[in-house]
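Hi,

Here is the structure I said I would pass on.

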Amino acid sequence: MVSFEMNDRKKIGLGLTGFGIFFSILGIIFFFDKGLLAMGNILFISGVTLTIGPKSTMQFFMKRQNFKGTISFGVGFFFVVIGWPIFGMILEAYGFIVLFSGFWPTLAVFLQRIPVLGWLFEQPYVKS
């Protein structure tokens with residue numbers, strides 16, 4: 001059973017995930033700086049692990065339908081660390097899209113409930 005209460009571990013996990021995304025964007029802005037990109041990846045993975053728990057993280061990444069995304073994300077991280085950040089980020093982006101493609105409908109519903117953004121996402125040209 002999944003617990004939806006927000007305890008301190010989940011708060012720290014969400015913070016680490018946010019910092020991971022921030023450092024990844026900063027690494028891209030600074031012309032694919034491999035240090036910032038690697039730090040963003042480490043913070044993102046550790047944040048996801050703290051947010052949903054280690055067992056759920058392993059189950060998510062080891063699902064049969066997620067193998068392609070997990071492998072491409074891991075190989076992309078490896079390429080970032082060894083010094084090929086552009087190629088590594090392309091692989092990581094592909095892996096991220098494959099891994100988290102099931103969450104897009106949930107994200108769309110969440111964005112539609114935000115006061116100003118919800119109105120924008122309800123427009124016919126965005127909804128289609």
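Below is what I found, going from the whole chain down to single residues.

First, some ground rules. This is a predicted model, where local features need pLDDT of at least 70 and side-chain atom pairs count only at pLDDT 80 or more, while totals for chains, interfaces and linings use all residues. Residues are numbered from 1 along each chain as its sequence is written, and side-chain values use heavy atoms, with hydrogens and water left out.

**The whole chain**

The protein chain has eight helices and zero strands (helices are DSSP runs of H or I with at least four residues, strands are E runs with at least two, and both are numbered from the N terminus). The C-alpha trace spans about 45 × 40 × 30 Å along its principal axes. Of the 128 residues, 30% count as buried, meaning under 20% relative accessible area with a 1.4 Å probe, protein chains only.

**Helix 2 meets helix 3**

Helix 2 (34-52) and helix 3 (residues 54-61) pack at about 120°, their axes 6 Å apart. The axes are lines fitted to C-alpha atoms over the stretch in contact, and angles run from 0 to 180 degrees between N-to-C directions. On the helix 2 side, the contact (heavy atoms within 4.5 Å) is made by I45, V48, T49 and I52, and on the helix 3 side by P54, S56, T57 and F61. Five of these residues are nonpolar, three are polar and none is charged. Here Ala, Val, Leu, Ile, Met, Phe, Trp, Tyr, Cys and Pro count as nonpolar, Asp, Glu, Lys and Arg as charged, and the others, Gly among them, as polar.

Leaving aside neighbours within four places in sequence, V48 touches T17, G53 and T57. V48 also belongs to the largest nonpolar core, together with F44, F60, F61, F73, L99 and F100. Such a core is a set of buried Ala, Val, Leu, Ile, Met, Phe, Trp, Tyr and Cys residues joined through side-chain atoms within 4.5 Å. Helix 2 and helix 3 each supply at least two residues of this core.

**A pocket**

The second largest pocket is lined by 13 residues, with I21, S24, N41, M89 and F96 nearest its centre. (A pocket is an open set of points on a 1 Å grid over the protein atoms alone, where a 1.4 Å probe fits, with protein on both sides within 12 Å along at least five of seven lines; lining residues have an atom within 4 Å of a point.) Helix 1 gives the most to this lining, five residues. By class, the lining has eight nonpolar, four polar and one charged.

Cheers

Key
Buried < 20%, exposed > 50% of the residue type's maximum accessible area, 1.4 Å probe, protein only.
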